[in-house]
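Colleague: I am new to this one. Can you show me how to read its sheet and the helices around it?

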Amino acid sequence: MKIAMMARNANLYSHRRLKEAAESRGHELDIINTLRCYMNIASRRPEIYYNGEKLTGYDAVIPRIGASVTFYGLAVLRQFEMMGVYPLNESVAIGRSRDKLRSMQLLARDGIGLPVTTFAHDPKQTDEVLKLAGGAPIVIKLLEGTQGLGVVLADTDRSATSVVEAFRASGTNILLQEFIKEAGGTDIRAIVVGGKVIAAMKRTGAEGDFRSNLHRGGSAQLIKLSPEERSTAIRAAKTMGLNVCGVDMLRANHGPVVMEVNSSPGLEGVEKATGLDVAGKIIEYIEKSAIKGTTKTKGKG
């Protein structure tokens, strides 16, 4: 099987592991810099070019699209889909998960546990949305934030109002979310592949930081999920339409609540915490699923 991986940095741990896992199973995997692809959008003859050559002969594509290049990355992925190449995650599903507001709305529609989340455009409504979210302490998130960046914990209503007004003055879209104090600065990441949780870890934030992201200095360890947590992760992945994802959850007093569904989860933290071959499981899923013409959306939408 010939696989293309859309990734800007071939040296990242996750990308090296996926390449190793594919090649150890006898597949050919090419790492393609997403931003160096260009497309010929011709009637009934979609094409992608890379380094002056037309990309042909691929059976599957693994989209590892960085948040900062989502727009262009999804355009390239849609082109692969229209060429009949099987995508590990489809463009429409990645688009859903990258839009924090849309993903929260979809998860809420399907009855999946969430922290109380509010959203408004007019800064004059700040007091009302603060009350709806339960008041301070409250988490304020940029819709476009990633890896813990663009996330602020406001301890008082006054400080929350100041942060909201500052963001809105710059035209930035934000969400306000209930602060789950009982989580104690830890969260759970469950890796879902093909509708099954194949690995899970607990992430603990650095001293004095309520964010548990490993990129922010947090630590990870193996964890056993409860049946409800496992079910929540699987349902969240299904709602997004993602074949492979990381589902981030907090343990609230009333059960697990989903914070985010990540369509390109990092593998280093979870593989080292659990000792599991997550990259190998992803390649195995592609082997079973990469049948030409089985893409549900075929680049539509």
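Colleague: In what order do the four strands of the open sheet stand, and is the pairing parallel or antiparallel?

Modeller: Keep in mind that this is a predicted model. The order is 2-1-6-7, and the pairing is parallel. Strand 2 and strand 7 (86–87) are the edges; each has a single partner strand, so one side of each lacks a neighbour in the sheet.

Colleague: Which strands does strand 1 pair with, and over how many bridges?

Modeller: Strand 1 is joined to strand 2 (residues 28–32) by five parallel bridges. Ile3 has Leu29 as its bridge partner there, and Met5 stands opposite Ile31.

Colleague: Is strand 1 largely enclosed or left open?

Modeller: In a regular strand, side chains alternate between the two faces of the sheet. Here, four of the five residues of strand 1 (residues 2–6) are buried, so the rest of the structure largely encloses it. From strand 1 the chain passes through helix 1 (residues 13–24) to strand 2, a right-handed β-α-β crossover.

Colleague: Which strands does helix 9 lie across?

Modeller: Strand 1, strand 6 and strand 7; helix 9 runs at about 145° to strand 6. Helix 1 also packs on the sheet, touching strand 1, strand 2 and strand 6.

Colleague: Which residues of helix 9 are buried?

Modeller: An α-helix has 3.6 residues a turn, so residues three or four places apart point the same way. In helix 9 (residues 278–289), the buried residues include Val278, Ile282, Tyr285 and Ser289.

Conventions:
Residues are numbered from 1 along each chain as its sequence is written. This is a predicted model: local features need pLDDT of at least 70, side-chain atom pairs count only at pLDDT 80 or more; totals for chains, interfaces and linings use all residues. Side-chain values use heavy atoms; hydrogens and water are left out. Buried means under 20% relative accessible area, exposed over 50%, partly exposed in between (1.4 Å probe, protein chains only). Helices (H or I, at least four residues) and strands (E, at least two) are DSSP runs, numbered from the N terminus. Two strands pair if DSSP finds at least two bridges between them. A crossover is right-handed if, with the strands pointing away from the viewer, the path from the first strand over the helix to the second runs clockwise. The expected span of a helix is 1.5 Å times one less than its number of residues. Contact means heavy atoms within 4.5 Å. Axes are lines fitted to C-alpha atoms, for helices over the stretch in contact, and angles run from 0 to 180 degrees between N-to-C directions.
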